[in-house]
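Subject: Structure handover

Hi,

Here is the structure I promised to pass on to you. Please have a look at it alongside the notes below.

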Amino acid sequence: MEGRAIRLQGLRKSFGDTTAVAGVDLEIRDGEFFSMLGPSGSGKTTVLRLVAGFETPDRGRIELAGQDVTGLAPFERDVHTVFQDYALFPHMTVEQNVAYGLKVRRVPKAERLVRARKALAEVGLEGYGPRRPAQLSGGQRQRVALARALVGRPRVLLLDEPLGALDLKLRERMQVELKAIQREVGITFVFVTHDQEEALTMSDRIAVLDRGRIAQVGTPAEIYERPATPFVASFVGTSNLLEGEAAHRITGSPGTYNIRPEKIRVLKDAAEPDEPEHTTATGTVAEVVYLGDATRFLVDLDGGGRLTALQQNLETSSADVAAYRGTRVRLQWHHRHAVRLPS
Ligand code: ATP
């Protein structure tokens, strides 16, 4: 079907007693940067391996571009997988590594070279063709693996924690680059990660996995601002879960609400008036952490429970945060920021 790259229906997979994928239904659009996000063991890699054809589902159906591929071998599917360890051939040059898949498919040599160079240019590695993998940095090796995936122009690229081996700075840079490359080439990317910030930064849409099931599918903003379950609220960002009136003084309708830390204002002066359309709570600062750009407050509420509030450091005096520990504060948030979780 036009516009749909992947469709998964009722997908299940167990290994012995372990249910890795417990019934997954999902549609991924053509040209999307789609992430599968979840904690270790939630089934992300297994879903990816089922799509690639490295595993066979116990039940369910896998479609690629409208075609049922459930029973097809990996090489019969128009997908390419990039693994975390890159799996480059050490004895081959960068150019040979990139061109390898074309050679297997008997693409003529001259064309192989042209396409390998183009793919290397796409990932910012012009001129690196003659080197061997050992002569490259981790980030460059990652890009070679990506060029090798791009060169065959698959309809779908599957990426399993491809940035996991990189240090934080490089990882952040590659996140931006990978997203730019994806936009440029227009191939559907399915990206597996356990890192919520990475998923939020890069994705058009995200599926959050919880114990082999999809807890929510949505844009980064939908996932963050309107989490569908307490699990999503706490796994993506920091959650502050409160019940009924404690969260939303006006409606106070029963249910669980989530308020994000950056939406909560910490007021030190007890004399400051309550703002209209805000809910207020009082408590004692249990812990305060200076983060450079912001300060995190953990506040024990008088009514029981603990909230995390994040304040931007607008004043240089914010560096002196230890003085807040043990002090009384009022917390305030606008009603619209108390988001009721669907029950
Ligand atoms: P991680 O982030 O740690 O890679 P994940 O979300 O990708 O985790 P999976 O690798 O899909 O999770 O694993 C899901 C569950 O299935 C886990 O409990 C895992 O131990 C189990 N599992 C996965 N592959 C196999 C296998 N080949 N044999 C037995 N159990 C497996």
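Before the helix pair, a word on how the angle is taken: axes are lines fitted to C-alpha atoms, for helices over the stretch in contact, and angles run from 0 to 180 degrees between N-to-C directions. Please also keep in mind that this is a predicted model.

With that, the axes of helix H2 (residues 94-104) and helix H3 (residues 109-122) cross at roughly 125 degrees and come within 9 Å. The crossing of H2 past H3 is right-handed. On the H2 side, the contact uses Glu95, Val98, Ala99, Leu102 and Lys103, which meet Arg112, Leu113, Arg115, Ala116, Ala119 and Leu120 of H3. By class, the residues in this contact of H2 with H3 are seven nonpolar and four charged, with no polar ones.

Now to the ligand. Around the ligand you will find Phe15, Thr18, Ala20, Gly38, Ser40, Gly41, Ser42, Gly43, Lys44, Thr45, Thr46 and His194. Nine residues of this shell are polar, two are nonpolar and one is charged. Strand S2 (18-29) and helix H1 (44-52) each contribute at least two residues to the shell, and H1 gives the largest share, with three.

H1 itself is mostly covered, with eight of its nine residues buried: Lys44, Thr45, Thr46, Val47, Leu48, Arg49, Leu50 and Val51. Just after H1, glycine 53 has a positive phi of about 95 degrees.

Best wishes

Technical notes. Residues numbered from 1 in each chain as written. Predicted model: local features only at pLDDT ≥ 70, side-chain atom pairs only at ≥ 80, totals over all residues. Near = placed C-beta within 6 Å. Helix = DSSP H or I, 4+ residues; strand = E, 2+ residues; numbered from the N terminus. Nonpolar A, V, L, I, M, F, W, Y, C, P; charged D, E, K, R; others polar. Buried ≥ 20, exposed ≤ 12 C-beta atoms within 10 Å, placed from the backbone. Left-handed = near helix turned anticlockwise from the far one by under 90°. Contact = placed C-beta atoms within 7 Å.
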